[in-house]
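Student: Please pick one part of this model and take me through it slowly. I want to know what sits around it and how the pieces connect.

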Amino acid sequence: MRSFLKNLGIFVVAMVLLAFIANVVRVSKEVTPTIGLSELAASIGRKEVKTVEVMDQDLTITLADGKKEISRKETGESLPNVLHTYGLTPEQLQGVNIIVTQEGGWRYWVGMLIPVFGPILLIVILFYFMARQMQGAAGGRGGMGFGQSVGKEMVPDEKTKVTFADVAGMKESKEELEEVVEFLKNAEKFVGMGAKIPKGVLLMGSPGTGKTLLARAVAGEAGVPFLHMSGSEFVEMFVGVGASRVRDLFGRAKKIAPAIVFIDEIDAVGRRRGSGMGGSHDEREQTLNQILVEMDGFESNSGIIVIAATNRPDVLDPALLRPGRFDRRVTVNLPDINEREAILAIYAKNKKLEPEVSLRSLAERTPGFTGADLANLMNEAAILAVRRKMKTISMNEILESIDKVLLGPERRSHVFSDAEKKMTAYHEGGHALVGHLLKHSDPIRKVSIISRGHAGGYTLKMPTEDKHYYTRAEFIDDLAVALGGYVAEKLVYGDEMISTGPSSDLRTATRIARDAVTQYGMSDLLGPRTFGTREDLVYLGQGVTEKDYSEKTMEVIDSEVARLINDARARAARLLENHRDALDRITEALLKEETIEEARFVEIVAIEKGSGAQE
Ligand code: ADP
Ligand code: MG
Ligand code: ZN
């Protein structure tokens with residue numbers, strides 16, 4: 001849109017300029033006549049005129065005494081005719097030398113052509129800019145028709161080639177894709193055996209988990225070209241463009257087969273049709289239909305394999321998942337601790353790290369990080385080291401970058417009053433201390449009163465190993481930790497002084513309690529079943545959002561959630577009251593040091609982890 005406005009600007013400026021030129025040309029010709037035509041006729045009658053030069057409508061008169069006058073006549077009318085109407089006889093005219101000259105030079109032509117061709121030229125220019133802008137938005141290949149595909153084609157060569165070795169971890173995903181590589185390499189073998197080669201593979205996983213990377217690695221391993229197009233690129237301004245782009249993309253693939261067609265973010269076009277969610281979008285439907293037509297259109301042994309990626313497999317149209325289309329599905333998971341270590345190793349390779357840097361302990365500190373997060377983390381650390389004028393990257397820079405990636409950049413410029421700082425310190429101290437005293441809560445890794453992103457301060461707790469299951473005891477303890485900040489503020493400052501700070505904590509607590517009751521069957525009263533419609537159920541149920549429980553049950557759920565939260569609050573209050581001295585110690589240290597790492601925290605608290613479980 002911005003470039004469109006820019007083009008419009010250029011257009012307007014060009015208009016003004018041309019109008020100006022045309023004006024100058026005209027104005028320069030407009031010399032005010034010094035005498036009228038009747039006067040001229042009278043002069044000729046008195047034989048005072050020697051010559052009259054006629055140039056179009058302008059008359060330049062030279063008098064017998066050498067004086068020059070200027071006059072005008074109507075265009076088209078010949079001078080003798082005009083003079084005749086003023087009563088001059090042809091005889092009287094004979095004494096006058098009439099010279100007719102053509103107007104010439106660039107001025108004449110510009111004056112002639114601009115009014116005729118100027119507007120046409122401007123319209124052509126405007127269209128040219130619009131077309132260029134549209135293509136620019138579509139991928140920046142100039143000089144192509146509107147409907148043509150703008151997919152990027154990549155023939156892997158030795159330098160740019162990505163192989164499975166560049167993808168850390170993901171053993172299962174790689175194994176499944178290994179098969180696809182085989183299909184591309186030795187299609188005849190499979191066809192000879194009568195096997196049908198799959199046409200489509202769907203990669204499913206959160207953003208940043210390496211789906212695009214994996215697809216490129218498949219192309220690299222098989223040594224075939226890689227046609228890349230993003231779902232959002234199909235759907236653009238003009239109706240029908242998406243479908244013709246799909247046609248073109250597959251047309252090109254057929255020409256260079258064997259090849260991989262990679263459709264990134266397929267959910268942008270492949271959403272369930274006609275569900276009315278997000279507005280039924282004709283253009284999208286046409287594009288999706290064309291993809292289906294193309295996938296049905298080529299033979300399964302034609303050497304084309306379509307790989308699509310999405311992070312929302314739940315919203316995809318079932319037609320896409322039918323046999324013969326994307327019937328192979330590969331899940332790309334968040335990396336586990338070993339995979340994180342391997343990914344970190346890849347991005348540590350070309351960086352100067354201090355020998356003390358332990359990738360293992362970094363992997364421990366980064367559960368939930370995607371491959372992209374980890375790549376970003378190492379990059380941030382390198383940037384930080386450069387800014388600090390260091391020769392190598394130390395553990396410190398990387399740890400700081402973890403917080404940055406996790407919580408956003410520090411907001412040191414955010415000014416807190418001393419009173420606010422103290423309240424934040426008590427708040428974070430409350431979370432941390434409750435977390436430390438409870439047995440099933442993850443160890444506290446870091447407490448800080450430096451503002452980051454939206455948080456005033458933060459307490460980082462993290463398991464030592466990746467967790468896939470949560471126990472009921474963990475839920476209960478986490479609930480108390482979530483309320484620890486709120487409870488500490490209340491304990492120290494009293495009810496009146498409770499700040500607006502803990503509102504997100506209260507939301508977290510409510511969510512934990514609700515999930516425990518409605519999703520994990522952790523309430524004895526309600527029993528082992530789930531309640532309500534989660535988002536994925538909404539989609540699977542074709543958009544039905546009915547509650548699957550009665551009004552009466554709803555009341556029980558509410559009271560169970562309230563009970564859990566109240567219990568947790570009472571528990572946190574008890575712990576903090578019993579260990580008020582430790583809370584004060586943490587607060588004091590936070591005010592002085594701002595950020596406290598795990599070891600220092602344990603030293604300050606001076607109580608064994610989990611020793612408050614019975615209180
Ligand atoms: P997605 O397509 O799933 O959103 P990408 O493939 O674009 O994710 O991954 C983003 C970046 O993260 C990659 O370019 C790569 O640098 C890094 N990355 C992700 N996963 C891995 C991995 N397993 N090994 C190495 N790098 C990875
Ligand atoms: Mg991607
Ligand atoms: Zn908090």
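Tutor: Start at Arg514. It counts as partly exposed, at 33% relative accessibility, since that value falls between the 20% and 50% cut-offs. Keep in mind that this is a predicted model.

Arg514 has a charged partner. It forms a salt bridge with Asp558, and the closest N and O atoms are 3.9 Å apart. Arg514 belongs to helix 18 (residues 503-518) and Asp558 to helix 20 (residues 551-578), so this pair ties together parts 44 residues apart in sequence. Asp558 is partly exposed as well, with a relative accessible area of 44%.

Now move to a set of charged residues that share partners. Salt bridges join Arg365, Asp403, Lys446 and Glu597 into one network. Look at one link of it. Asp403 and Lys446 form a salt bridge, with 2.4 Å between the closest N and O atoms. The pair links distant parts of the chain: Asp403 is in helix 15 (residues 395-407), Lys446 is in strand 11, and 43 residues separate them. Are these two residues buried or exposed? Asp403 is buried, with a relative accessible area of 1%. Lys446 counts as buried too, at 3% relative accessibility. Why can such residues pair at all? Side chains of opposite charge can do so when their charged atoms come close.

Compare a pair within a single helix. Asp248 forms a salt bridge with Arg252, the closest N and O atoms being 4.0 Å apart. Both lie in helix 10 (residues 241-256), 4 residues apart, about one turn of the helix. Arg252 is buried, with a relative accessible area of 16%; that value is under the 20% cut-off, so the label applies. Over the whole structure, the search finds 27 salt bridges.

Strand 11 (residues 444-448) pairs with strand 13 in the antiparallel sense, over 3 bridges. Ser448 stands opposite Thr595 in strand 13. These strands belong to an open sheet of 3 strands, in the order 12-11-13, with antiparallel pairing. Strand 12 (458-461) and strand 13 (595-597) stand at its edges. Each has a single partner strand, so one side of each is left without a neighbour in the sheet. Neighbouring strands here are turned by 10 degrees against each other on average, direction ignored.

Which helix packs on this sheet? Helix 16 does, touching strand 11 and strand 12. Its direction makes about 165 degrees with that of strand 11.

The zinc ion (ligand 3) is coordinated by His427 (NE2), His431 (NE2) and Asp505 (OD), at 1.9 to 2.1 Å. The donor residues are spaced H-x3-H-x73-D in sequence. His427 and His431 are 4 residues apart in helix 16 (residues 418-437), so about one helical turn separates them. Both His427 and His431 are buried.

Strand 1 (residues 49-55) and strand 2 (residues 58-63) pair in the antiparallel sense over 6 bridges. Val52 stands opposite Ile61 in strand 2. The two strands form a hairpin with 2 residues between them, and Asp56 in the turn has a positive phi of about 55 degrees. Strand 2 then pairs with strand 3 (residues 68-72), again in the antiparallel sense, over 5 bridges. Asp58 has Arg72 in strand 3 as its bridge partner. This hairpin has 4 residues between the strands, and Gly66 takes a positive phi near 90 degrees.

The protein chain has 22 helices and 13 strands. Buried residues make up 41% of its 615 residues. Among contacts between residues at least 6 apart in sequence, 73% join residues at least 24 apart. The chain exposes about 32,600 Å², and carbon and sulfur atoms supply 55% of that.

Conventions. Residues numbered from 1 in each chain as written. Chains lettered and ligands numbered in written order. Predicted model: local features only at pLDDT ≥ 70, side-chain atom pairs only at ≥ 80, totals over all residues. Heavy atoms only, no water. Donors = N, O, S within 2.8 Å, 3.2 Å for Na, K, Ca; no water. Buried < 20%, exposed > 50% of the residue type's maximum accessible area, 1.4 Å probe, protein only. Contact = heavy atoms within 4.5 Å. Areas by Shrake-Rupley, 256 points an atom, 1.4 Å probe, with all protein chains shown as cover. Pairing = 2+ DSSP bridges. Axes fitted to C-alpha atoms, helices over the stretch in contact; angles between N-to-C directions. Salt bridge = Lys/Arg side-chain N within 4 Å of Asp/Glu carboxyl O.
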